[in-house]
Amino acid sequence: MSLRFNSTYSKNVVSQSDVDAMAPKAVEAMHTLMSKTGEGNDFLGWIDLPTNYDKEEFARIKKSAEYIKKNADVLVVIGIGGSYLGARAVIEAVKSSNYNLLVKDTPQILFIGNSISPAKLNETVKLCEGKDICVNVISKSGTTTEPAIAFRVFRDLVNSKYSQDEARKRIFCTTDAHKGTLKELADTEGYETFVVPDDVGGRFSVLTAVGLLPIAVSGVDIDELMAGAAKAQNELCSEDINENDCLNYAAVRNCFYNKGLKLENFISFEPDMAMFNEWIKQLFGESEGKDGKGLFPTSCIFSTDLHSLGQYIQESGAGLMFETVIKFNECDDDYVIGEQEGNLDGLNFLSGEKMSLVNDKARQGTLLAHTEGGVGNLILEVEKKDAANIGYLIYFLEKACAISGYILGVNPFNQPGVESYKKNMFALLGKPGYESEKENLEKQLGLC
């Protein structure tokens, strides 16, 4: 279990002297993070989380996961942003993006409350018809619009399907430890509750109960997940940029930024990493994108997206973007290519080869093509897509993101811009307390 950072293929854009010049600033940023003296230092609970977590709650998470496995065909996970992305990312990375279609001894897991689409809500309700269900609602306050609407629907569904006592056992609330609408409801109804820690922001919360309950229900070993993160916590401590790959990665990506690049394209050659890429995009986008600063995080799954976006990256990406490739050394389930009579497709030269070899040669070919086109590549090399290594990767990226934020001079742990759309939406819907703003917004939209 390990992760290695390789910046060799960035040298066409970022020189070693660039990195050396950035190193003192990166070390200072890491020191600010670890000494907990920077902006947002009240949201640093994730730093020690892999080794300093609530063991009693962790045991209850595993116990509840076993109950859900035995008593439900479907677990409905209700949450938005960091309240669902991390869990879904880990489940699909370790198990499969086709998790719900596989023959397995664990429930289907459906995610809802992450949009306001009535079609998606109705579809999810229909998918639960005739099945035993459990619900895990994840919300610090209980009043966030998207998950609150979905919870209304699925709480009513559970209450109508089961007795009061049985319904109580099938709803699990991950929320504030002491206050809030959801916490009050859970205490009144007797629902099992887990804690959204006060000192861990949503995008850093995957290794808390926020992510761990759904992940455990899927059959992913959460002990191994935490062990991998703990290994990263213990290893990524050096303030020597040549000894700490996490620190080095944070420094190099900021060198790209200082050269005027605008985008970081996160790449995997494994389709099961698509949702993990989505989690990465929230982690970096919400942490760095403020005060007019930050790289815009985007992502691709190759070789799929080479046939749609490869042309642009190859011939127009230089000076705009660089790529961070997550490479896995071991294949989960390989396939040996057979020989075809007549060689109609011209592929018999691959007969007897493993498909993982072809995939890796596609990666190497892409690496050479894109660097030749002026697009620098960074490689995060991971042994395999199992719970321990994914846990390590999560912690690595969280720490690199936090260090990068401090290098940029922003608070990596707030998200003031997220609130703007909510205020406008509430005013347009006529929510009490927003009446004075409604008319002005409607005029701007040409509605009156």
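**Exercise 1.** Determine whether K385 is buried or exposed, and identify its salt-bridge partner.

*Solution.* Step 1: K385 has a relative accessibility of 5%, so K385 counts as buried; buried means under 20% relative accessible area, exposed over 50%, and partly exposed in between, with a 1.4 Å probe and protein chains only. Step 2: the model is predicted, so local features need pLDDT of at least 70 and side-chain atom pairs count only at pLDDT 80 or more, while totals for chains, interfaces and linings use all residues. Residues are numbered from 1 along each chain as its sequence is written, and side-chain values use heavy atoms, with hydrogens and water left out. Step 3: the partner of K385 is D332, with the closest N and O atoms 2.8 Å apart. A salt bridge here is a side-chain nitrogen of Lys or Arg within 4 Å of a carboxyl oxygen of Asp or Glu. Step 4: the pair links distant parts of the chain, 53 residues apart, with D332 in the loop between β9 (321–328) and α13, and K385 in the loop between β10 (377–382) and α14. Helices (H or I, at least four residues) and strands (E, at least two) are DSSP runs, numbered from the N terminus. Step 5: D332, at 48% relative accessibility, is partly exposed.

**Exercise 2.** State how K69 and E66 are placed in helix α2.

*Solution.* Step 1: K69 and E66 form a salt bridge whose closest N and O atoms are 3.0 Å apart. Step 2: the two residues are 3 residues apart in helix α2, and therefore separated by about one helical turn. Step 3: K69 is partly exposed at 23% relative accessibility, and E66 is partly exposed at 36%.

**Exercise 3.** Describe the packing of α11 against α14.

*Solution.* Step 1: helix α11 (residues 274–288) and helix α14 (residues 387–408) pack at about 20°, their axes 9 Å apart. Axes are lines fitted to C-alpha atoms, for helices over the stretch in contact, and angles run from 0 to 180 degrees between N-to-C directions. Step 2: α11 and α14 are therefore roughly parallel (angles under 35 degrees; over 145 is roughly antiparallel, 65 to 115 roughly perpendicular, the rest oblique). Step 3: residues making the contact include W279 and F284 of α11 and L393 and C401 of α14, contact meaning heavy atoms within 4.5 Å.
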